[in-house]
Structure formats: C-alpha cells, structure tokens
Amino acid sequence: MLMGLPVVEPAVLGGAALVALGLDLALGEPPARVHPVVAMGRYLGAVGRRVSRAEGAAARAAVEFWGGALGWLLGAAGVVAIALALTAAVVSWDPWVQVLVLGLLLKPLLAWRMLRDEVRAVERALGESLAAGRARLAWLVSRDVAALDAGQVRESAIETLAENLNDSVVAPLFWFAVGGLPAAALYRFANTADAMWGYPGARQGREWQWAGKWAARADDALSGCPRASPRCCSLWRGCAPAWFVGAGGDHAVAQQRLAHGGHGAGAERATGQAGVYTLHPGGGRAQAADTARALRLAARVVGLMAALAASAAALFFGGLG
C-alpha cells in the first residue's frame, strides 16, 4: 500500500492486461446486466436529464455547466472508489490470482472484438446493398447517413475504427498501465460521458451546449495522453489505408489539428466527414479492400499492445520460476 492506496506490481498489471485481451477475443462483451460501462451509462443518462435543459428552453450557461461538472465529478469519484476497493481486496492475494481477477475486471473496459465485428458488419451489409450498408453504419455513428454513397459509408466505418481503436483498446490499457484498474475505470467513465454528453446540440429532446462541456474537455484531456504517448497516433497512422494519409502525412495531421482544433480533432476523426478533413485530397475513394486492410492493421496495433503486456507478464512468470 502507498499512502493508503493499493499498489499492484507492474508485472501483474501486464499479465492482467493480457488476460483481459484474451477474454475479449474469446468471449466478447459480458451481459448488459453486469456490464460496468452499461451501469455508467445508466447513471449518466439519469443525471444528464437533470443537468441539461429541454430543447428550446432558455439557456442557463453557468447552471448547466456546473451541474454537468458536478454530475461528472460525483460519478467519476464513485467509479474510482469502487475500482480502488476492488483492487485493495485482491492486492494481497497470490500474484497468479491477482493477474486473473484483475484481467477479468479489466475486460469490460475493453471492446476490440465488438469494434472489429461491427466494422466487418458494415462491409458485409454494403455487399448486400447500399441501403443495408447505411442502415448498419447508423448503429455506429450519430450523423445522418441517408445521403452517403458506398465510399463514404466505408470511410465513416474506418473513421469509427480509428477513433475507437484508441477509445476502446489503447487508452484503457494505457491508463491501466499508469494507474491500474482505478485509472482505467476513470478513463472509461470519461469516454462514456463524452459520448453521451459531450457533443453540443440537441439530442433526445435535451440541449447539451453547456451541460456537456466539462465531459467533453475531460475526455479530451484523458484521451490526449495515450494518443500522444508514446506516439499512439503514429501507430494508427500505420493502420490507415492509402487514401487516408498521403505524402507528408504527419505534417498534414498537424495542420488539420490546428485548423479543426475543436472537440476530437486529429487523425482519429479524419475520415468520412466530407468537406472537413482533407488529409489526402489526391487519394481514391475507399474500397472494400481498404476496410479489410484497415482491420488487419488495427489488429496489429492490438497485437502490439498484447506483446507489450506479455513482456511485462514475462517478468512476473519468470520471477516465479
């Protein structure tokens, strides 16, 4: 224990991350009734209806902003407290058991298999018809898909893959390595809050211009660390199809970050938004092969994360040997 906080050995964290990735690939998502991210969503939904204003009502910027901030902070504190309690309960157990239990607890905070399968499903639906592809894409994105052509549907699916590769795999593992289960759970709460509150405009009869601002900025801060360290954006740049990043890609990404520096700017959101991002204006439209290539290369990023976790776990297993 460090200043009363449970401390997990780095090698155990690496083994637990490997277990979590293995469980994700083998089993996918746990049932909604026991899924912690679903529970976070229920809390955020209930609080969000109280801190946001009804669509068309007069704005109360300060009240909505600080209401959203307080709701976020209370939820984050609860999530961290639960994760700390769980960690404290297992930290004195046999290291082998710690690896298994922490891996089981970490798994719901990762979602690589679901992300991969959903992007594949969009491509399969496009093989049936454009209408089917649009309908399947609508499961993944909040934008209007009715006017998208086949190339734009694919680009939007790859954009979702790019963004969520960080949100659902890289960032949770990054924060787990930094601060164990409490840090990973805090990140996942922040990311879920951003998805539900963080985009300005009206949704489901509620207005989020001010109520969701804290959530958006908190997610930007927590997501920005793993994107920048250690060059996680470059990992994704290697996963991008040829039309995504052309010559001078890093410079183009930097220019786009400056030009569109608002919420979620950067390489992870650079596709599928016609007229906004033009990282490779000379590239062709996305084809089915580009989706397949993006999925293969994204899998390499996940494989790299698994290899890093396995290296840390090897210290643990080797020490026991």
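The questions and answers below concern this predicted model.

Me: How many helices and strands are there in the protein, and what pattern do they follow along the sequence?
Reply: This is a predicted model, and its secondary structure comprises 11 helices and 3 strands. Read along the sequence, these elements follow the pattern α-α-β-α-α-α-α-α-β-β-α-α-α-α.

Me: What percentage of the residues in the protein is buried?
Reply: A residue counts as buried when its relative accessible area is under 20%. The protein has 321 residues, and the buried share of them comes to 48%.

Me: Among contacts between residues at least 6 apart in sequence, what share joins residues at least 24 apart?
Reply: Contacts here are pairs with heavy atoms within 4.5 Å. Taking those contacts in the protein whose partners are at least 6 apart in sequence, the share that joins residues at least 24 apart is 75%.

Me: Is T160 buried or exposed?
Reply: T160 is found in helix 7, and, leaving aside neighbours within four places in sequence, T160 is in contact with L115, L140, V141 and L165. Its relative accessibility is 6%, which is under the 20% cut-off, so T160 counts as buried.

Me: What is the distance between the closest N and O atoms of the salt bridge that R53 forms with E64?
Reply: The model has 9 salt bridges by the rule used here, and one of them joins R53 to E64. This pair links distant parts of the chain, with R53 in strand 1 (residues 53-54) and E64 in helix 3 (residues 61-90), 11 residues apart. R53 and E64 are both buried, and their closest N and O atoms are separated by 2.9 Å.

Me: Why are D117 and R120 separated by about one helical turn?
Reply: D117 forms a salt bridge with R120, with 4.0 Å between the closest N and O atoms, and both belong to a network of salt bridges that also includes R113 and R116. D117 is partly exposed, because its relative accessibility is 28%, and R120 is also partly exposed, with a relative accessible area of 39%. The separation is about one helical turn because D117 and R120 lie in helix 5 (residues 112-128) at a spacing of 3 residues.

Me: Which residue meets the side chain of E118 in a salt bridge?
Reply: The N to O distance in this salt bridge is 3.1 Å, and the partner of E118 is R136. The pair links distant parts of the chain, since E118 belongs to helix 5 while its partner, 18 residues apart, belongs to helix 6 (residues 130-137) and is R136.

Me: Which residues form a nonpolar patch on the surface with W96?
Reply: W96 lies in helix 4 (residues 95-106) and is partly exposed, because its relative accessible area is 44%. The patch has about 300 Å² of accessible area together, and the residues that form it with W96 are W93 and V97.

Me: How far does the backbone nitrogen of W96 lie from a polar atom of the side chain of D94?
Reply: D94 has its place in the loop between helix 3 and helix 4, and D94 is partly exposed, with a relative accessible area of 41%. From a polar atom of the D94 side chain to the backbone nitrogen of W96, the distance is 2.8 Å.

Me: How far apart in space are G205 and G56, C-alpha to C-alpha?
Reply: G205 is found in the loop between strand 2 (202-203) and strand 3 (206-207), and at 35% relative accessibility G205 counts as partly exposed. Leaving aside neighbours within four places in sequence, G205 is in contact with R53, A54 and E55. G205 and G56 are 149 residues apart in sequence, and their C-alpha to C-alpha distance is 8.7 Å.

Terms used:
Residues numbered from 1 in each chain as written. Predicted model: local features only at pLDDT ≥ 70, side-chain atom pairs only at ≥ 80, totals over all residues. Heavy atoms only, no water. Helix = DSSP H or I, 4+ residues; strand = E, 2+ residues; numbered from the N terminus. Buried < 20%, exposed > 50% of the residue type's maximum accessible area, 1.4 Å probe, protein only. Patch = residues over 30% accessible without salt bridge, like charges linked within 9 Å, V, L, I, M, F, W, Y side chains within 5 Å. Areas by Shrake-Rupley, 256 points an atom, 1.4 Å probe, with all protein chains shown as cover. Polar contact = N/O pair within 3.5 Å; in protein donor to acceptor, adjacent residues only side chain to side chain.
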